[in-house]
Structures are given as C-alpha cells and as structure tokens.
Amino acid sequence: MRQVTSAQDAGRGGDRPGSGKPMISAARIKRRVRELGREISEVYADIDTPLVMVVILKGATVFAADLLRSLSIPAELEFVRPTRNRSGAAQRGRLRLAHMVAGSLVGRHVLLVTDIVDSGITVNTVANRIGRLGPASLRIATLLDRKAHREVEVQIDFCGFVIPDRFVIGYGIDHAGLYRELPDLHSLK
Ligand code: IMP
Ligand code: MG
C-alpha cells in the first residue's frame, strides 16, 4: 500500500537521505565495532560476573546488537528508555525514564551503551540513575561523540567515532523516527 505522509515521501525517490555518499560506511562501522568489542573484552577480562550491557533505547539498538556479538566475554542485556517531556513550561525538556532496567545491578559491572553523545545530558542523566543502583563499576560506550554542543561533562570510556557538527541518521539513529534501517551513517543536510 502506498503511504502518503510527508515523512514517508521524504524516504522515497532519488533524494532519499542515505542515497548519497555516507559519512561513515557500514564496512568502516563494522571494523570499528569489532575493535571496540575486543577493547571492551580486554578491559572486563577479569570480572567474575557477566558484564551487563545497558542499552539506551531506541537509537543504540543496532550498535548494541553488533557490539554484543563482538564481545568474547559473557554479557547480559538490559534496556533503559529515556523520553523528553515536551509539554508543561516548568518540565519542558526534562528527561524521564519510561523504562528502567529489569534486573538488579547491585555489585554488577555495567556498560552503558548509547548512540550519540551530544549535549551529554541523556547519557549523564541515565548514568546518574544507574549509578544509584549500586553497580560495582559503570562505564560508557558510545558509537558517536559530537563535542560541539556539550553542556555537561561526560567521561566516555569507549567511543566509535568523533564526528563534526552535523545531524546524523542511519545504523539505528533516526530523524523523526525514520532512517534507522540504513546500514551506513549519513549526515542530514
Ligand atoms: P544529548 O542528550 O544532547 O547528548 O543527546 C543525545 C540523544 O539525542 C541521542 O541519544 C539521540 O537520541 C539524540 N541525538 C543527538 N544528536 C543526534 C543526531 O545527530 N541524530 C539523531 N539523533 C540525535
Ligand atoms: Mg531520536
């Protein structure tokens, strides 16, 4: 069935975002994610419980799925789902967690996995919340680091790529809910 919403139209035809030269190709992402997997496996080689990967929904799902399969250590999967309040003057922009991890993190080694660190507020807020749940350690892995608009300091332990000040889509990362299926990363003009 032909859908006619403007968002769908934006995804069709020759000027579809993602039809041009990628910012970072799927092949390059694959190589880098494998390296990260090796790095992470080395850092956590001696822990005596499985690593807990806490994935920030939705943008980090594709990255996390590949990263998970690049690990040579046991790992569990948990998810958090931050949402931003769009209404109510006092609450505007305030981040809340629509879903929090299901299992206990007490004494566990936690790796927070995110798609992109921009202002740093999302990952920082989630890290603070996770930190209160008593993990033995907490580190952050991000596919992308865009430093141009950082508002809060974030200590990134594992980073795929540092990128310039461009909005990106693809490899799980969306614009208005679309383009997550693109295998490469593209900048949106
Ligand atoms: P921060 O809270 O400003 O660091 O923003 C991080 C979140 O904003 C990411 O997890 C993404 O969901 C979203 N985001 C930031 N930059 C981009 C982008 O270039 N493309 C798509 N989503 C983005
Ligand atoms: Mg988004």
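This is a predicted model: local features need pLDDT of at least 70, side-chain atom pairs count only at pLDDT 80 or more; totals for chains, interfaces and linings use all residues.

User: Why is Tyr 179 called buried?

Analyst: Tyr 179 has 21 other C-beta atoms within 10 Å. The cut-off for a buried residue is 20 or more, so Tyr 179 counts as buried.

User: What is said about phi of Tyr 179?

Analyst: Phi of Tyr 179 is near 75 degrees, a positive value in a residue other than glycine. Phi of Tyr 171 is positive too, near 50 degrees, and Tyr 171 lies in the loop between β7 (168-169) and β8 (186-187).

User: Is Tyr 171 buried or exposed, and how do you know that?

Analyst: Tyr 171 has 27 C-beta neighbours inside 10 Å. Since 20 or more are required, Tyr 171 counts as buried.

User: Why is Val 162 classed as it is?

Analyst: Val 162 has 12 C-beta neighbours inside 10 Å. A residue is exposed if the count is 12 or fewer, so Val 162 counts as exposed. Val 162 is found in strand β6 (residues 158-162).

User: What makes Asp 145 a partner of Val 162?

Analyst: Val 162, in β6, is the bridge partner of Asp 145. Leaving aside neighbours within four places in sequence, Val 162 is in contact with Asp 145 and Lys 147. Contact requires C-beta atoms within 7 Å.

User: Which other strands pair with β4, and how do you know that?

Analyst: β1 and β4 pair in the parallel sense over 4 bridges, and Leu 112 in β4 is the bridge partner of Val 54. On β5, 8 bridges join that strand to β4, and the two run parallel; here Thr 142 in β5 is the bridge partner of Thr 114. With at least two bridges as the requirement, both pairings qualify.

User: What is the order of the strands in the open sheet?

Analyst: The open sheet has 6 strands in the order β3-β2-β1-β4-β5-β6, with mixed pairing.

User: What makes β3 and β6 edge strands?

Analyst: Each of β3 and β6 pairs on one side only, and they are the edge strands. Neighbouring strands of this sheet are turned by 25 degrees against each other on average, direction ignored.

User: Why is β4 described as mostly covered?

Analyst: In β4, 9 of its 9 residues are buried. Each of them therefore meets the cut-off of 20 or more other C-beta atoms within 10 Å. As for helix α2 (residues 26-43), it lies across β4, β5 and β6, and runs at about 155 degrees to β6.

User: Which residues of helix α4 are buried?

Analyst: In helix α4 (residues 121-131), the buried residues are Thr 122, Val 123, Val 126, Ala 127 and Ile 130. They cover an arc of only 120 degrees around the axis, so they are on the same side of α4. What covers them includes β1 (51-56), β2 (75-84), β3 (95-99), β4 (109-117) and β5 (137-145).

User: Which residues come nearest to ligand 1?

Analyst: Of the 13 residues around ligand 1, Asp 118, Ser 119, Ile 121, Thr 122 and Phe 167 come nearest. The elements giving two or more residues to this shell are β4 and α4. The largest share, 4 residues, comes from β4. By class, the shell has 6 nonpolar, 5 polar and 2 charged residues.

Notes: Residues are numbered from 1 along each chain as its sequence is written. Chains are lettered from A and ligands numbered from 1 in the order in which they are written. Two residues are in contact if their C-beta atoms, placed from the backbone, lie within 7 Å. The arc is that of the directions from the helix axis to the C-beta atoms. A residue is near a molecule or strand if its C-beta atom, placed from the backbone, lies within 6 Å of it. Ala, Val, Leu, Ile, Met, Phe, Trp, Tyr, Cys and Pro count as nonpolar, Asp, Glu, Lys and Arg as charged, and the others, Gly among them, as polar. Axes are lines fitted to C-alpha atoms, for helices over the stretch in contact, and angles run from 0 to 180 degrees between N-to-C directions.
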